[in-house]
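Please read it with the coordinates open.

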Amino acid sequence: MLARHNGSIEISKFDLPNFANLRSALHRILFDESYQRNAENLAKRLEKQPFKPKEMLVRHFEFGAE
C-alpha cells in the first residue's frame, strides 16, 4: 500500500543482489522528503477512516454468515 501511494519503494527479492539498485532505492528513501510526506499523509488518512479494518472484517463476516 505504501508503494502504491509513493510512501515507500518496493524492491523485488531478485533485485537485492544488485548493489546499485539497492543503494539507489535506499538513497531515494533516505534523502527524498516526498516519501516521508506521502507516508505521513497516508497514515493520517488511515487513522481517520470511519471504520477500522478489523471492524469491517467482522461486519462483512457477520453479513456473509446471515
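**Notes on the predicted model**

1. Glu47 and Lys52 are joined by a salt bridge, with 3.9 Å between the closest N and O atoms; the term stands for a side-chain nitrogen of Lys or Arg within 4 Å of a carboxyl oxygen of Asp or Glu. The structure holds 1 salt bridge. Lys52 counts as partly exposed at 35% relative accessibility, whereas Glu47, at 57%, counts as exposed; buried here means under 20% relative accessible area, exposed over 50% and partly exposed in between, with a 1.4 Å probe and protein chains only.

2. On the basis of these values, this is a predicted model in which local features need pLDDT of at least 70 and side-chain atom pairs count only at pLDDT 80 or more, while totals for chains, interfaces and linings use all residues. Residues are numbered from 1 along each chain as its sequence is written, and side-chain values use heavy atoms, with hydrogens and water left out.

3. Helix H1 covers residues 19–31, and its 13 residues reach 18 Å from the first C-alpha to the last, close to the 18 Å expected at 1.5 Å a residue. Helices are DSSP runs of H or I with at least four residues, numbered from the N terminus, and the expected span is 1.5 Å times one less than the number of residues.

4. At the start of H1, a side-chain oxygen of Asn18 comes to within 3.2 Å of the backbone nitrogen of Ala20. This is a polar contact, that is, a pair of N or O atoms within 3.5 Å, of which, within protein, one must be able to donate a hydrogen and the other to accept it, residues adjacent in sequence counting only if both atoms are side-chain atoms. Asn18 itself belongs to the segment before H1 and is partly exposed, with a relative accessible area of 36%.

5. Ile29 has its place in helix H1 and is partly exposed at a relative accessible area of 34%. Together with Leu26, Leu30 and Phe31, Ile29 makes a nonpolar surface patch of about 430 Å².

6. Ser8, in the segment before H1, counts as partly exposed at 23% relative accessibility. Leaving aside neighbours within four places in sequence, Ser8 is in contact (heavy atoms within 4.5 Å) with Leu2, Ala3, Ile29 and Tyr35. The side chain of Ser8 also reaches the backbone nitrogen of Ala3 at 3.3 Å, and the C-alpha atoms of Ser8 and Tyr35, although 27 residues apart along the chain, are separated by 6.0 Å.

7. Gly7 is placed in the segment before H1 and counts as buried, at 11% relative accessibility. Residues up to four places away in sequence not counted, Gly7 touches Leu2, Tyr35, Asn38 and Ala39. Between the C-alpha atoms of Gly7 and Ala43, which lie 36 residues apart along the chain, the separation is 9.7 Å.

8. Helix H3, residues 53–65, has 13 residues and reaches 18 Å between its first and last C-alpha, close to the 18 Å expected at 1.5 Å a residue. Is H3 buried or in the open? Of its 13 residues the number buried is 0, so H3 lies largely in the open.

Key. Helices (H or I, at least four residues) and strands (E, at least two) are DSSP runs, numbered from the N terminus. Patches are made of residues with over 30% relative accessible area and no salt bridge: like charges are joined within 9 Å, nonpolar side chains (Val, Leu, Ile, Met, Phe, Trp, Tyr) within 5 Å. Accessible areas come from the Shrake-Rupley method with a 1.4 Å probe; for residues, only the protein chains shown count as cover.
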